[in-house]
Amino acid sequence: MADLRASGLGGIPKGQTANRPSSPSIGDVFYNGTLGCLEIYTSQGWVASSSPPAIPTSVVATNQGSGRAFNNGQASVAFSNGSGGGFISEYIVTPSPATSPSTFTGSSSPITVTGLQSSTQYTYTVQAKNNFGTSLSSGASSAVTATTIPQSPTIGTATGGDAQASITFTPGATGGAAVTYTVTSSPGNITASGASSPITVTGLTNGTAYTFTVTATNANGTSAASSASNSITPALPPITADYLVVAGGGGGSSGGGGAGGMLTGTTTFPAATSLTVTVGAGAGTSGSPTSRTGSNSVLYTITANGGGGGGNFSTSPSAGADGGSGGGGGGSQPQGAGGLGTSGQGSNGGYGRWQSGVFYAGGGGGGKSQVGGDAVSGPGNGGNGQASSITGSSVTYAGGGAGDGSSTGGTGGGGNGVNGVNGGTNLGGGGGGGGTGAGSPTSGGSGVVVIRYPSSKTLTVGVGLTSSTSTVGSDKVTTFTAGTGTVSFS
């Protein structure tokens, strides 16, 4: 049983620490001979009634990053009271490195510390205080890294694609924890996430303008959004395709008709855009050389000029008309000059002439790869055309028509007046010349437009055009043989 002998201090019990009352009430006093001080029983247990508190022990800090704004971290610092010492009225927690404010106080464990810098390690010491003084500092806690939500990213550039966009950004500080970045579109709130820049957002609508913002998220929460990006409008990428465009050939008279202009190459066409296609018709044999010029063929921005008409029989100069390839000059006196071809599309026509009592002779129409022949001692031959394998087979197009009476029209549909061969359907050749004793002149051949493109693409043909599509290797080939209208790729 406890020794509760009076201490001589007004009847206050006394004894060793072990002799304290076993069931004390708050306010009971006891003179502790072990510690040599008067103690009072409080909510904190037995404490010295007139001395500074004991040094706190067992300091443990816990990071509390959830929901904390960047650079406003928070930690909870728990501790235990030391043995002995006076009643404690307040505890003082001091972080290291220093914060503002430099200390945090409370009446019990744990105490919350705020305003910590993100991604920074802190240790903490604790002191106890009462009206008799302040204890020495406890031992430091283990270092704990303060974490928060991340810093907002800085927006970069948005680049549009086919129903998608790629967004670049510069990450901010992570807030001390692993970060995932999320891009959000406006309109639509379509999102995509990733660990780094750039991030691609899919599922956008082609033809709609979008801007984008970026947020950063870690285990503690999500940052404020970045500023908005530049505006982009997703669209199908352009289609790379080979093409052949041949215009209608010129009609013959005395001089052979010039071949329709011929253009070949590779270009890109915008997708989901109406592209004009026109197949030029070959010219007839009536009227002036200009009226016998063939019609242009068109593919989007590519235009091949119609072949020039052949010159007339005349006692005055009758030149062939200019065109994709020039028409041959007419049998005339003085001589009829050949028409001029268009650079890159065809060649010049040959001259025609008349010699009294000897002959009337027309010049040959120019072809894609060769000038028309001159009427030197007889009619001029038509200039040769040029071969293309765009359809999968080698075909020669755009030959010039022969002058009247010549036996040779240019290869690729070039006609001659002797046997009535015209410029060749969809070959764009010039019509052959004709005259007295040399048969009748013939018409220029109609042109053609051909597009060769990847099989993964679709070409939609509008009304007004006559076309057919075949497969050659890994490509599709669409050939337009008549009409005018629009087409579009998808």
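Which residues of the largest nonpolar core touch the most other members? I looked this up in a predicted model. The core has 22 residues, and Leu299, Ile451, Phe480 and Phe489 touch the most other members.

At least two residues each come from β20 (239–246), β21 (262–269), β22 (275–278), β24 (302–304), β29 and β32. I noted that β20 gives the most, with four residues.

I listed the contacts of Phe489, leaving out its neighbours within four places in sequence. Phe489 is in contact with Leu236, Ile239, Phe269, Ala271, Ala272, Leu275, Ile451, Tyr453, Lys457, Thr458 and Leu459. Apart from this core I found another, of 18 residues, which includes Ile88, Val93, Leu116 and Ala146.

Next entry: charged pairs. Side chains of opposite charge can pair when their charged atoms come close. I count two salt bridges in the structure.

One of them joins Glu39 to Arg20, with 2.5 Å between the closest N and O atoms. Glu39 sits in strand β3 (residues 37–42) and Arg20 in the loop between β1 (14–15) and β2 (29–32), so the bridge ties together parts that are 19 residues apart in sequence. Is Glu39 buried or exposed? I find Glu39 buried, at a relative accessible area of 2%.

Arg452 forms a salt bridge with Asp475, and here the closest N and O atoms are 3.0 Å apart. Arg452 belongs to strand β29 (residues 448–454) and Asp475 to strand β32 (residues 475–489), so I record this pair as a link between distant parts of the chain, 23 residues apart. I also note that both Arg452 and Asp475 are buried.

Conventions. Residues numbered from 1 in each chain as written. Predicted model: local features only at pLDDT ≥ 70, side-chain atom pairs only at ≥ 80, totals over all residues. Heavy atoms only, no water. Salt bridge = Lys/Arg side-chain N within 4 Å of Asp/Glu carboxyl O. Buried < 20%, exposed > 50% of the residue type's maximum accessible area, 1.4 Å probe, protein only. Core = buried A, V, L, I, M, F, W, Y, C linked by side-chain atoms within 4.5 Å. Contact = heavy atoms within 4.5 Å.
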